[in-house]
Amino acid sequence: MSLAPKEKFENFRYKPLLIAHRGDTVHFLENTLDAFNSAFLNGADGIEMDIQLRNGKIMIVHNYISSIESDYSGLDEILSKIHNKGRIEIEIKAMNTEILPILKDQLKQYSKADIELTTSEVPLLPYIRDIFPKLKLGLIMHNFIFQDWMSQGLVTNKIIGWTKMSQANVAHVPFSVLNRFGNADLVNNLHKSELLVHTHIFKGFEGKKNLSDVTKWKVDQCTIDDINLINE
């Protein structure tokens with residue numbers, strides 16, 4: 001059975017969903033309620049957040065090396081306020097499965113929310129899929145797994161193979177990889193394998209051009225660091 005949402009390929013979007021990375025970090029502290037609310041108010045289709053398990057509680061915090069004593073927001077507190085505002089991408093930052101049963105319990109009450117779970121910890125993905133069989137699941141890939149000597153075909157096969165073996169249905173591919181290894185052709189081949197394609201535009205002077213590129217390549221969704229790109 002295909003993991004990709006059928007409706008995506010019946011009514012293809014030519015404008016990528018714009019996902020605010022850790023919220024509106026231009027004006028507010030990352031991974032906070034103010035940052036998330038501001039992102040939605042400024043027109044973001046969704047927000048991305050990072051979660052970790054701290055003393056048995058799921059906290060929203062990015063860095064693995066961060067103060068245990070710091071006052072980070074709890075996932076349940078934030079979801080109760082933003083669950084119906086748009087796409088919510090939750091990156092699971094964990095080296096084991098201890099966080100997953102607690103996450104399952106917290107997400108039960110948000111069955112109608114538009115949630116995608118993501119992680120770059122590849123071995124964790126099948127465990128996530130087992131507990132969350134119906135949610136969108138994204139594999140975050142890093143630049144270093146793609147080498148200059150690789151051909152476009154090999155890169156395409158690697159993305160498809162890794163994503164499907166991990167039981168994900170959204171391939172999070174770095175912008176530089178799309179740009180180096182076929183861009184629109186690469187995206188098209190991933191779509192043919194019933195995968196959604198997600199990339200990331202980092203803050204910088206080429207942001208507007210990069211956004212134009214991913215739109216032209218028909219990328220499905222795009223993380224942005226600069227909330228001002230939405231108005232562009």
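Contact here means heavy atoms within 4.5 Å. Keep that in mind as you go through these close-up views, and remember that this is a predicted model.

**View 1. Arg22 and the residues around it.**
Start with Arg22, which sits in the loop between strand 1 and helix 2. Is Arg22 buried or exposed? Its relative accessibility is 15%, so Arg22 counts as buried, the cut-off for buried being under 20%. Setting aside neighbours within four places in sequence, you can find Arg22 in contact with Glu30, Asn31, Ala35, Phe36, Glu48, Asp50 and His62.

**View 2. Helix 2 beside helix 3.**
Two packed helices are described by the angle between their axes and the distance between the axes. Here, helix 2 (residues 33-41) packs with helix 3 (residues 75-82) at an angle of about 25 degrees, and their axes are 11 Å apart. Helix 2 is therefore roughly parallel to helix 3, since angles under 35 degrees count that way. The crossing of helix 2 past helix 3 is right-handed. Which residues of helix 2 and helix 3 meet? Look for Leu33, Phe36, Asn37 and Phe40 on helix 2, and for Ile78, Lys81 and Ile82 on helix 3. Sorted by class, this contact has 5 nonpolar, 1 polar and 1 charged residues.

**View 3. The buried residues of helix 2.**
In helix 2, the buried residues are Ala35, Phe36, Ser38, Ala39 and Phe40. What do they pack against? Their partners are strand 1 (17-21), strand 2 (46-54), strand 3 (57-60), helix 3 and strand 4 (87-92).

**View 4. Met49 in the nonpolar core.**
The largest nonpolar core has 62 residues, and the ones that touch the most other members are Met49, Ile51, Ile92 and Leu117. Leaving out neighbours within four places in sequence, Met49 is in contact with Asn31, Phe36, Ile60, Leu75, Ile78, Ile82, Ile88, Glu89, Ile90 and Glu91.

**View 5. Helix 6 beside helix 8.**
Here is another helix pair to explore. Helix 6 (residues 152-165) and helix 8 (residues 183-192) pack at an angle of about 35 degrees, with 10 Å between their axes. Their crossing is right-handed. On helix 6, Gln152, Thr156, Ile159 and Ile160 meet Asp185, Leu186, Asn189 and Leu190 of helix 8. The classes in this contact are 4 nonpolar, 3 polar and 1 charged residues.

Most residues other than glycine have a negative phi. Gln167 is not a glycine, yet its phi is positive, about 65 degrees. You will find Gln167 in the loop between helix 6 and strand 7 (170-172), and its 34% relative accessibility makes it partly exposed. Glu194, likewise not a glycine, has a positive phi of about 60 degrees. Its place is in the loop between helix 8 and strand 8, and at 38% relative accessibility Glu194 counts as partly exposed.

**View 6. Lys203 and its contacts.**
Finally, find Lys203 in the loop between strand 8 (196-201) and helix 9 (207-216). Which residues does Lys203 touch, not counting those up to four places away in sequence? They are Thr25, Val26, Asp225 and Asp226. From Lys203 to Cys222 it is 19 residues in sequence and 13 Å in space, C-alpha to C-alpha.

Methods. Residues are numbered from 1 along each chain as its sequence is written. This is a predicted model: local features need pLDDT of at least 70, side-chain atom pairs count only at pLDDT 80 or more; totals for chains, interfaces and linings use all residues. Side-chain values use heavy atoms; hydrogens and water are left out. Axes are lines fitted to C-alpha atoms, for helices over the stretch in contact, and angles run from 0 to 180 degrees between N-to-C directions. Helices (H or I, at least four residues) and strands (E, at least two) are DSSP runs, numbered from the N terminus. Angles under 35 degrees count as roughly parallel, over 145 as roughly antiparallel, 65 to 115 as roughly perpendicular and the rest as oblique. A crossing is left-handed if the near helix is turned anticlockwise from the far one by less than a right angle, and right-handed if clockwise. Ala, Val, Leu, Ile, Met, Phe, Trp, Tyr, Cys and Pro count as nonpolar, Asp, Glu, Lys and Arg as charged, and the others, Gly among them, as polar. A nonpolar core is a set of buried Ala, Val, Leu, Ile, Met, Phe, Trp, Tyr and Cys residues joined through side-chain atoms within 4.5 Å. Buried means under 20% relative accessible area, exposed over 50%, partly exposed in between (1.4 Å probe, protein chains only).
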